[in-house]
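Here are a few exercises to work through with the model open beside you. Try each one before reading the solution.

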Amino acid sequence: MPASRPGRPPYCDDCWQPVIWALTAANGKWIALDPEPNPEGNQAVYADQARTLRTRQLGKNSEPLGYERRHMPHVATCPKRRQAPPVPSNVIPITRAVPRRR
């Protein structure tokens, strides 16, 4: 199976872990997936005749077809993306904000 989309390296720009790229069935956009099949994943991945990886999102009760493998989107497992972004010093948390009077 091809491991990358044209013009993109086969690794995550944020955490440098390997990824595979697949075209989504819904809108034809590229999505980064973890390279190893995962029974918890929600993407059904297969290679078309041109050996381009294609994917479709599985519903809660959907199962992949016989020629598809279940993969996890990399954005769900990327350690860099799972960390909360730093809060700028000029931002007040909503829990401390005082409502304005009209």
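**Exercise 1. Which side chain does Glu68 join in a polar contact, and is Glu68 buried or exposed?**

Step 1: A polar contact of 2.8 Å links the Glu68 side chain to that of Arg56. (A polar contact is a pair of N or O atoms within 3.5 Å; within protein, one must be able to donate a hydrogen and the other to accept it, and residues adjacent in sequence count only if both atoms are side-chain atoms.)

Step 2: The Glu68 side chain also gets to the backbone nitrogen of Leu65, at 2.7 Å.

Step 3: Glu68 sits in the loop between S4 and S5, and it's buried, at 4% relative accessible area. (Buried means under 20% relative accessible area, exposed over 50%, partly exposed in between, with a 1.4 Å probe and protein chains only.)

Before going on, keep in mind that this is a predicted model: local features need pLDDT of at least 70, side-chain atom pairs count only at pLDDT 80 or more, and totals for chains, interfaces and linings use all residues. Residues are numbered from 1 along each chain as its sequence is written, and side-chain values use heavy atoms, with hydrogens and water left out.

**Exercise 2. In what order do the 5 strands of the open sheet come?**

Step 1: The order is S2-S1-S4-S3-S5, with mixed pairing. (Helices, H or I of at least four residues, and strands, E of at least two, are DSSP runs numbered from the N terminus; two strands pair if DSSP finds at least two bridges between them.)

Step 2: S2 (30-33) and S5 (69-71) stand at the edges with a single partner strand each, so one side of each has no neighbour in the sheet.

Step 3: For the parallel part, look at S1 (residues 20-24) and S4 (residues 53-57), which pair over 2 bridges. Thr24 has Thr55 as its bridge partner in S4.

Step 4: For the antiparallel part, S3 and S4 pair over 5 bridges, with Ala47 opposite Leu53 in S4. S3 (residues 43-47) also runs antiparallel to S5, joined by 3 bridges, and Gln43 finds its bridge partner in His71.

Step 5: Now check the hairpin that S3 and S4 form: 5 residues lie between them, and Arg51 in the turn has a positive phi of about 65 degrees.

**Exercise 3. Which residues lie nearest the centre of the largest pocket?**

Step 1: They're Cys12, Trp21, Ala32, His74 and Arg81, out of 13 lining residues. (On a 1 Å grid over the protein atoms alone, a pocket is an open set of points with protein on both sides within 12 Å along at least five of seven lines; lining residues have an atom within 4 Å of a point.)

Step 2: S2 and helix H1 (74-77) are the elements that give two or more residues to the lining.

Step 3: Sort the lining by type and you get 8 nonpolar, 1 polar and 4 charged residues.

**Exercise 4. What joins the side chains of Asp34 and His74?**

Step 1: It's a polar contact of 2.7 Å.

Step 2: Asp34 lies in the loop between S2 and S3 and is buried, with 14% relative accessible area.

Step 3: Compare Ile31, in strand S2: Ile31 is partly exposed at 22%. Ile31 and Pro73 are 42 residues apart in sequence, yet their C-alpha atoms are 7.3 Å apart in space.

Note on methods
1 Å grid on protein atoms, 1.4 Å probe; cavity = no way out; pocket = protein on both sides within 12 Å on 5 of 7 lines; lining within 4 Å. Nonpolar A, V, L, I, M, F, W, Y, C, P; charged D, E, K, R; others polar.
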